[in-house]
Amino acid sequence: MMKRFYLLGLISLLLTALAACQTNTAVEPAITPPIIAVEPSSVSPTEVSSPIPPLEIEEEATAVPTQPAPATPTTAPTVTPIPTATPHEVTAVASVNLRQIATGFFKPLGLDHAGDERLFITQQNGVITLMVDGQVLSEPFLDITRRVNSNGFEQGLLGLAFHPDYAQNGRFFVNYTRTDDATVIAEFAVDPTNPNRALPDSERVLLTIAQPYRNHNGGQLKFGPDGYLYIGTGDGGSANDPPNNGQRTDTLLGKLLRLDVDSGDPYGIPASNPFVNDDAVRNEIWATGLRNPWRFSFDRETGDMYMADVGQNIWEEINFQPHDSAGGENYGWRIFEASNCHMDDCTTPGLTDPVFEYSHEGGHCSVTGGYMYRGEQYPELYGNYFLADYCSGQLWRMVQTEEGWNTAVINNVGFLVSTFGEDVQGELYIVDQAAGTIYQITP
């Protein structure tokens, strides 16, 4: 019975992806697919069409209980430098396994830590759930479902970031789509009497971005090693970026933004932002030319950034920004889709090519960016960056060498990969959106 439900759900998903291609619109992450009625044990290696070695999934699940205008440029905040790491031998892994740690979440899109051992799971409907000592708490950390519009495939509560001094100030930030479809970047505070509960009424809106369509909302928030808040925004939606928002500099759509949340009202503009002295460019902009950045991360050892950008019809890409970048990169959309000419003038100079791209052949549809492994539990994984395709479940690893990037497919996980996560120790996790399940990546 469970296999029949799985096959029906899989057929429905394939028809959805085919229809998206026929309408010239790529299927994006944070899509609400037909729920596939699958118990963790019912997805067997024989049900996944892939030449890649199947994963061994250790099932130790824990069920979830029911449940503005630019500001004045500012100087850099005081930031703790990235520590010098103990040298490790880097080996390009050939495959990985998954260990199931929890299940039953509602469309999980994020897994984060606040500088301690707890795991915060962001769910698309507007709820952030806590795992403490391996147990899922029945009371949510934050519930803003009444403010969040998650009706669209790519709408909802999409991002969470804790202030670098969260242990002292209790400040954290979220990215969500409002009931009028606008993107909201807001700050909240933790309850000073209960570290496992936020104050829903403490919201302070930093930034609101109107959305012309209901897709391509981006959603990632991350504090960089420089102490500033980075925000990934999509191009506003539809197909082929009709207003050319990716290349326009008078809009915050299709960009990577960089804000100083420790000064200004409601935020400051870092004095080192690349366009801070250009009145024709929004000063919040750090990089341009993005279509729908679905997950970026900073290497906790080097400070380098890895950013996935979802393609239109054919190509998915991973962009790399070194830690010493001065910003201002243009990643090419809508002129290019990955490194391939898409439309407009493809002789435009000064564009930054991706370091990795793959096509939609084989059932791929939408890239999900991950993390560079820097944990201590599994030295075999050290120095490998992981990414996946949302639809096909294909998993890749990337290793940077003196000769360039060594990239290979290592597994097919057999589920809809909505996001990766990293805990305080640097261990990595991968999330199945449809089943609401979280796995730890192991050798």
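Helices, of at least four residues, and strands, of at least two, are taken here as DSSP runs numbered from the N terminus. On this basis the secondary structure of the chain, in what is a predicted model, comes to two helices and 30 strands. Of the 443 residues in the chain, 57% are buried.

Strand E15 (256–259) is covered on both faces. Leu 256 and Arg 258 lie on one side of E15, Leu 257 and Leu 259 lie on the other, and all four residues named are buried. Strand E14, residues 229–232, pairs with E15 in the antiparallel sense over four bridges, and in this pairing Tyr 230 stands opposite Arg 258. E15 is also joined to strand E17, residues 285–287, by two bridges, again with antiparallel strands. Here Leu 257 stands opposite Ile 285. The loop that runs between E15 and strand E16 (269–270) contains Pro 266. The peptide bond leading from Asp 265 to Pro 266 is cis, with omega near 10°.

A cis peptide bond is also present between Trp 333 and Arg 334, where omega is about 10°. Arg 334 belongs to the loop between strand E20 (315–321) and strand E21 (336–337). E20 itself takes part in an open sheet of four strands, ordered E18-E19-E20-E23, in which the pairing is antiparallel. E18 and strand E23 (356–359) are the edge strands of this sheet, each pairing on one side only. From one strand to the next, the twist averages 10°. Between E20 and E23 the antiparallel pairing extends over four bridges, with Ile 318 opposite Phe 356 in E23.

Arg 295 has phi near 90° although it is not a glycine. The relative accessible area of Arg 295 is 4%, and because buried means under 20%, the residue is classed as buried. His 216, likewise not a glycine, has a positive phi of about 60°. His 216 is located in the loop between strand E12 (194–209) and strand E13 (221–223). With a relative accessible area of 0%, His 216 is buried.

Arg 118 is a further arginine for which the surroundings can be described. Its position is in the loop between strand E4 (108–112) and strand E5 (119–123). The relative accessible area of Arg 118 is 11%, which lies under the 20% limit, and the residue is therefore buried. The side chain of Arg 118 makes a polar contact of 2.9 Å with the side chain of Asp 116. A polar contact of 2.9 Å also links the side chains of Arg 118 and Asn 196. When neighbours within four places in sequence are left aside, Arg 118 is in contact with Asp 112, His 113, Leu 130, Met 131, Val 132, Tyr 166, Pro 195 and Asn 196.

Definitions and conventions. Residues are numbered from 1 along each chain as its sequence is written. This is a predicted model: local features need pLDDT of at least 70, side-chain atom pairs count only at pLDDT 80 or more; totals for chains, interfaces and linings use all residues. Side-chain values use heavy atoms; hydrogens and water are left out. Buried means under 20% relative accessible area, exposed over 50%, partly exposed in between (1.4 Å probe, protein chains only). Two strands pair if DSSP finds at least two bridges between them. A polar contact is a pair of N or O atoms within 3.5 Å; within protein, one must be able to donate a hydrogen and the other to accept it, and residues adjacent in sequence count only if both atoms are side-chain atoms. Contact means heavy atoms within 4.5 Å. Axes are lines fitted to C-alpha atoms, for helices over the stretch in contact, and angles run from 0 to 180 degrees between N-to-C directions.
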